[in-house]
Amino acid sequence: MHSTNSSNIKIEVVKNKEEGGKVAYRLIKEAMEEGAEVFGLATGSTPEMLYKELRESDLDFSDKIAVNLDEYIGLEADHPQSYEHFMKEQLFNDKPFKETHIPDGLATEEDENERYDEILEKNPIDVQILGIGTNAHIGFNEPGTPFDTKTHKIKLTEDTIQANKRYFESEDEVPDYAYSMGIASIMAAKKIILMAYGKNKAEAIEKTVNGPVSEDVPASILQKHPDVVIIVDEEAASQL
């Protein structure tokens, strides 16, 4: 593993996802020792090794709060592909939190946006975990999403649907829309840890770190955040 700094972004290059999970775990443990209470959590394959490290650790989250980035619209909470189901399987069943908050995929847009923004205002995030899409989306904030966006309904791009179809029996079953924490909400977190693995993420990482800050590259706004750590394997770091 080696570290580099680019602007305010600290980059940790690791051998693989397993090592990346250990680095992210260490950062979360340090944040807890410094008093972190609210954790913004992500889904998908990227954070799975981090959640494995947390499950197997002696860290206690029973007085902590979890706030998830996003949820598919139209899926019940107990649907096997819902992000609520994913979080229970990956973390919450083994590591109970005092409170867990995930967008409600069956709620109406106006109600859910307002409800989730209130949750975020009441529970300012200390540490936000992120993955990144091949198109540099964070959460489900696709290219073109305004940087001042709070919780919103978003139409998923074809790239995102293609990336997620492996979790469903057929592409037709992948929801077209999701509720997502907005970019402004993500940027309000005190610390951000973004993880990315594999060659298909290399271009998105390069644009995030070195490119102009542009709504066409949603993650590029992280250049403006005071405390960001990006954990990448050598393939994802290959264009830096």
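The model is a prediction in which local features need pLDDT of at least 70 and side-chain atom pairs count only at pLDDT 80 or more, while totals for chains, interfaces and linings use all residues. Residues are numbered from 1 along each chain as its sequence is written, and side-chain values use heavy atoms, with hydrogens and water left out. Helices (H or I, at least four residues) and strands (E, at least two) are DSSP runs numbered from the N terminus.

In helix H3 (residues 83-92), the buried residues (buried means under 20% relative accessible area, with a 1.4 Å probe and protein chains only) are Tyr 83, Phe 86, Met 87, Gln 90, Leu 91 and Phe 92. These residues lie on the same side of H3, because they cover an arc of only 145° around the axis, where the arc is that of the directions from the helix axis to the C-beta atoms. Their cover includes strand E3 (38-41), helix H2 (48-55), strand E4 (65-68), strand E5 (70-72), strand E6 (99-101) and helix H5 (158-164).

In H2, the buried residues are Leu 50, Tyr 51, Glu 53 and Leu 54. Seen down the axis of H2, they fall within an arc of 155°, so they line one face of the helix. They pack against helix H1 (17-33), E3, H3, E7 and strand E10 (191-196).

Two packed helices are described by the angle between their axes and the distance between the axes. For H2 and H3 the angle is about 45° and the axes are 9 Å apart, the axes being lines fitted to C-alpha atoms over the stretch in contact, with angles that run from 0 to 180 degrees between N-to-C directions. H2 and H3 are therefore oblique to each other (angles under 35 degrees count as roughly parallel, over 145 as roughly antiparallel, 65 to 115 as roughly perpendicular and the rest as oblique). Their contact (heavy atoms within 4.5 Å) is made by Glu 48, Tyr 51, Leu 54 and Arg 55 of H2 together with Phe 86, Met 87, Gln 90 and Leu 91 of H3.

**Strands and their pairing**

Strands of a sheet pair through backbone hydrogen bonds, either parallel or antiparallel. Two strands are taken to pair if DSSP finds at least two bridges between them.

| Strand pair | Sense | Bridges | Residues opposite each other |
|---|---|---|---|
| E3 and E4 | parallel | 4 bridges | Val 38 and Ile 65 |
| E8 and E9 | antiparallel | 4 bridges | Ile 154 and Ala 178 |
| E2 and E11 | parallel | 6 bridges | Lys 10 and Val 229 |

E3 is covered on both faces, with Val 38 and Gly 40 buried on one side and Phe 39 and Leu 41 buried on the other. Strand E2 (residues 9-14) is largely enclosed by the rest of the structure, because 5 of its 6 residues are buried.

An open sheet of 3 strands has the order E5-E9-E8, with antiparallel pairing. E5 and strand E8 (152-155) are its edge strands, each pairing on one side only, and the twist averages 25° from one strand to the next.

**A loop residue**

Thr 149 is placed in the loop between strand E7 (127-130) and E8. This residue, Thr 149, has a relative accessible area of 13% and is therefore buried. When its neighbours within four places in sequence are left aside, Thr 149 is in contact with Gly 182, Ile 183, Ala 184 and Ser 185.

Methods. Buried < 20%, exposed > 50% of the residue type's maximum accessible area, 1.4 Å probe, protein only.
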